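Here is a short report for a first look. Keep the sequence and the structure in view as you read.

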Amino acid sequence: MSTPARIARRFLFNVLAWAVVLVIAFPLLWMLLTSVKPSSELFVIPPRLLPGEITFEHYRRLLTETPFLTYLRNSAWLAAGTTLVVISIATLGAHSLVRFSYPGRERLARLVLFTYLLPSVVLIIPLYLLMAGLGLANTLTSLIIAYTTFALPYALWLLRSFMKAIPDDLESAALVDGANRMQAFVDVILPQALPGIISTAMFTAILAWNEYFYALVLVNNDAARPLTTGVINMLVTSFNIEWSLLMAASVMMSLPLIVVFAFLQRYLTRGFSAGAIKG
Amino acid sequence: MPTIRAASASLRLRSLDARYGLLGALLIAPTVLVFCTVIVYPLVSAIYLGLFSIYTPTMEGEWVGLDNYRRLLASGEFWRSLANNLIWTAGTLTLQIVFGILVALMLHRNLVFRALARSLVLFPYFLSTVVAVLVWRWLFNDLYGVLNHLLLWAGIVDLPVDWLGSMPNAMISLIFVGAWKYFPFVVIAVLARLQAIPDELYEAASIDGAGAWARFTDVTLPQLRDVLIVVVLLRTIWDFKEFDLIYLLTGGGPIIGTQTLPLMVYKEAFALNQMGGASATAVLMMLIMLLFMSLYLSRARD
């Protein structure tokens, strides 16, 4: 193949590929652009791609005139609470599943995977009744408890795959040096598993941050509403749908995800499939 | 290379297994406790509730045995929701797989700013479904939506299209948005596998005179087979039980045109206040899913 022809083909491929990427990313780009356009420019026909003038008015209104900050605080608590509870339990559990042997261990590991696939609509009605019975209806606590139903199997399965990658010899060596198994866990396994634990924690936090269904059913007042149901509530209850305000809310909701996403690049394959796919 | 020290230690480990078994059980105990409370108990309870007729606000109910199931199997709405569920799952899954493989192949090649392109493509999967739906409802807006303007401007349509309020548009829109949101899962799995295919296989195929298409069908696809089976099973399960995207985008409408089984459960339990019937619907839905779940579980064993 002659060089100019090869360069032309490479150029063509790059143009085509980037066109595809931009089409995929367009909805997100449009969200960002809409959120900084003055309201008057929203209804110009035909729509203009770039804003004639950039304004942060919608963000200001979002933060001062809507319950957005309350929702944001609730979501932050939910993500932090769920992550803390789930990671503490799952780290111990995953260590047990990987490095101990006792009857029923394999069956338990399979049960974890099974529950990870379970539809939440099956669990929601009894959970709803349970929360009402415990007097936890409309509280963040009820959501943290409900979120463990999907976050715990997920974190366990992911942590299990991270911990399996730590060589057995490391623990054995510590035991030879006189440590007992709990000391070996704290001194050897935990430091080795730390990157895995941190990335599992971040994936778990994202699951909690993005959750909608349980929040829809279990929480019905603004005081405990997270961002997902809160922002939708802004859409449903408004007389005139204010798209720029909603797009600003969407951008704000997605910002923490961008930060976490950048950090998690290395673990994406593992995190997406929770160790279910072997490369 | 295992050292003698480590080898003797692992012998010691095995002899101490019995004693350590107790510690292992202790470490897993919190997990088992939480599982029993928030998963096993609700699961059993859902099956039990399905045998009652319960009015949600008062929680008064009576035993009806299998009547809920009989009524369900005789109702048109259940079968319609199941059919919708299958159409949605098959449609969006097909798009996700085809599009996912294509984009993965594209990102696997040498592309300028490949890392940025990869991030842009994968991000929709990370996004909250709420955000995805808000953005798409704005794009789909019949008066000021970009999509209609683009189509009008290009002369493809003469009148603005009602994307979400009429059939079959609503189902098609749903399938497309679902594909947009979830195809990155296929991309990331396929991309990881593509990077593990040895170059020699392609070189050997080239020497044998295989063109680009033949290399794809004879080398790439067979290598992707295993990962694709797992991806299809997982995505089938996840798409089948999808609630958020459908509920938020169309609410199951127009009428019940896009109502799938999870939406039917929600409607029965919290809009029609029939918790018993809703539980029965949920249990039936889970039974259907068990087929895919057991297929997946038996694959994950290897």
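## The nonpolar core

A nonpolar core is a set of buried Ala, Val, Leu, Ile, Met, Phe, Trp, Tyr and Cys residues joined through C-beta atoms within 7 Å. The model shown is predicted. Its largest nonpolar core holds 156 residues. Leu143(A), Ala155(A) and Val187(B) touch the most other members. Helix α7 of chain A, residues 140-164, gives the most to this core, with 17 residues.

What does Val187(B) touch, not counting residues up to four places away in sequence? The list has Gly100(B), Val103(B), Ala104(B) and Leu107(B). Val121(B) and Leu122(B) are also on it.

## The build of chain A

Chain A has 13 helices and zero strands.

The C-alpha trace of chain A spans about 75 × 75 × 30 Å along its principal axes. Of the 279 residues in chain A, 46% are buried. Take the contacts in chain A between residues at least 6 apart in sequence: 76% of them join residues at least 24 apart.

Where the domains of chain A meet, eight residues of domain 1 are in contact with seven residues of domain 2. On the domain 1 side, α1 and α2 (39-42) of chain A each supply at least two residues. α1(A) gives the most to that side, with four residues. By class, the domain 1 side has three nonpolar, four polar and one charged residues.

## Where the chains meet

The contact between the chains takes 74 residues from chain A and 82 residues from chain B. On the chain A side, the largest share comes from helix α1 of chain A (residues 3-35), with 13 residues. The chain A side divides into 53 nonpolar, 17 polar and four charged residues.

## A covered helix in chain B

Is helix α12 of chain B, residues 261-270, mostly covered or mostly uncovered? Helix α12(B) is mostly covered, with nine of its ten residues buried. Among the buried residues are Leu261(B), Pro262(B), Tyr266(B), Lys267(B) and Glu268(B).

Definitions and conventions:
Residues numbered from 1 in each chain as written. Chains lettered and ligands numbered in written order. Predicted model: local features only at pLDDT ≥ 70, side-chain atom pairs only at ≥ 80, totals over all residues. Buried ≥ 20, exposed ≤ 12 C-beta atoms within 10 Å, placed from the backbone. Contact = placed C-beta atoms within 7 Å. Nonpolar A, V, L, I, M, F, W, Y, C, P; charged D, E, K, R; others polar.
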